[in-house]
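Thanks for making the time this morning. I would like to walk through one model with you, going from a helix to the rings and then to the charged side chains.

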Amino acid sequence: MTVERKRARLQFMRDYWVSRVRDVDGIEILTPEDPERYGATTSFRLKGMRSFEQAKQVQDLLFARYGVLTVARKGICKGAAVRVTPALYNTTAELDRLVAAIKQEQRLLV
C-alpha cells in the first residue's frame with residue numbers, strides 16, 4: 001500500500017466518525033476541517049468537559065462500556081479533550097461503536 005493510499009484510508013476513517021457526530025448536541029470537534037491539516041487523529045470535547053479528570057472519565061467509560069480505545073489529553077486550549085486515532089486495520093463497524101457511544105453519552109458531563 002502506498003503512502004498516499006494509507007493517508008487516504010486514515011483520513012477516510014477520521015472523516016467517517018467525525019461526520020456522524022459533528023452535529024451531536026454538546027460535542028466539539030477540535031481538529032480543523034481542512035484535510036491538509038489532519039491525518040487520522042482527531043480530538044473532541046463533550047459539553048462540560050474541562051478537566052483532565054473528566055476527559056479520563058470519558059476515556060475509561062468508552063473503553064469499559066463500548067470497547068473503544070481513546071486517550072485523555074491535557075494541555076489543550078480551553079480544557080482537556082479525548083483523542084481518537086483510527087489505524088489502518090480499524091473497521092467502520094468499530095467506528096460505529098464510537099459514534100454510538102458518543103451519541104449515548106453526550107450528556108455525561110452536563
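**A walk through the model**

From C-alpha to C-alpha, Gly48 is 29 Å away from Phe12 in space, and the two are 36 residues apart in sequence.

Before going further, please keep in mind that this is a predicted model, in which local features need pLDDT of at least 70 and side-chain atom pairs count only at pLDDT 80 or more, while totals for chains, interfaces and linings use all residues. Residues are numbered from 1 along each chain as its sequence is written, and side-chain values use heavy atoms, with hydrogens and water left out.

Now to helix H3, which covers residues 92-105, has 14 residues and reaches 20 Å from its first C-alpha to its last. That is close to the 20 Å expected at 1.5 Å a residue, the expected span being 1.5 Å times one less than the number of residues. Which residues of H3 are buried? They are Leu95, Leu98, Val99, Ala101, Ile102 and Glu105. Seen down the axis of H3, these buried residues fall within an arc of 160 degrees, so they line one face of the helix; the arc is that of the directions from the helix axis to the C-beta atoms. They pack against helix H1 (3-21), strand E1 (27-29), strand E2 (42-46), helix H2 (52-66) and strand E4 (81-84), with contact meaning heavy atoms within 4.5 Å.

In the segment after H3 we find Gln106, which is buried, with a relative accessible area of 18%. Leaving aside residues up to four places away in sequence, Gln106 touches Val24, Asp25 and Leu46.

Turning to the rings, the structure holds two aromatic pairs. Rings of Phe, Tyr and Trp (its six-membered ring) pair if their centres lie within 6.5 Å, and planes under 30 degrees apart count as stacked, over 60 as edge-to-face and the rest as tilted. Phe12 and Tyr16 form a tilted pair, at 6.0 Å centre to centre and with 50 degrees between the planes. Both residues lie in helix H1, four residues apart, which is about one turn of the helix. Phe12 is partly exposed, with a relative accessible area of 42%, whereas Tyr16 counts as buried at 14%.

The other pair is Trp17 with Phe44, whose ring centres are 6.1 Å apart and whose planes stand at 70 degrees, so the pair is edge-to-face. This pair links distant parts of the chain, with Trp17 in helix H1 and Phe44 in strand E2, 27 residues apart. Trp17 is buried at 0% relative accessibility, and Phe44 is buried at 1%.

Arg20 lies over the face of Tyr16, at 3.6 Å from the ring centre, and the charged end of Lys74 sits over the ring of Phe52, 4.8 Å from its centre. The criterion here is NZ of Lys or CZ of Arg within 6 Å of the ring centre and within 35 degrees of the ring normal.

Finally, how many salt bridges does the structure hold? There are six salt bridges, each being a side-chain nitrogen of Lys or Arg within 4 Å of a carboxyl oxygen of Asp or Glu. Glu105 and Arg65 meet in one of them, at 2.7 Å from N to O, and this pair links distant parts of the chain, with Glu105 in helix H3 and Arg65 in helix H2, 40 residues apart. Glu105 is buried at 10% relative accessible area, while Arg65 counts as exposed at 52%.

Within helix H2, Asp60 and Lys56 meet at 3.0 Å, N to O, and being four residues apart they are separated by about one helical turn. Asp15 and Arg14 form a salt bridge with their closest N and O atoms 2.9 Å apart, and Arg14, Asp15, Arg22 and Glu33 are linked in a network of salt bridges.

Terms used. Helices (H or I, at least four residues) and strands (E, at least two) are DSSP runs, numbered from the N terminus. Buried means under 20% relative accessible area, exposed over 50%, partly exposed in between (1.4 Å probe, protein chains only).
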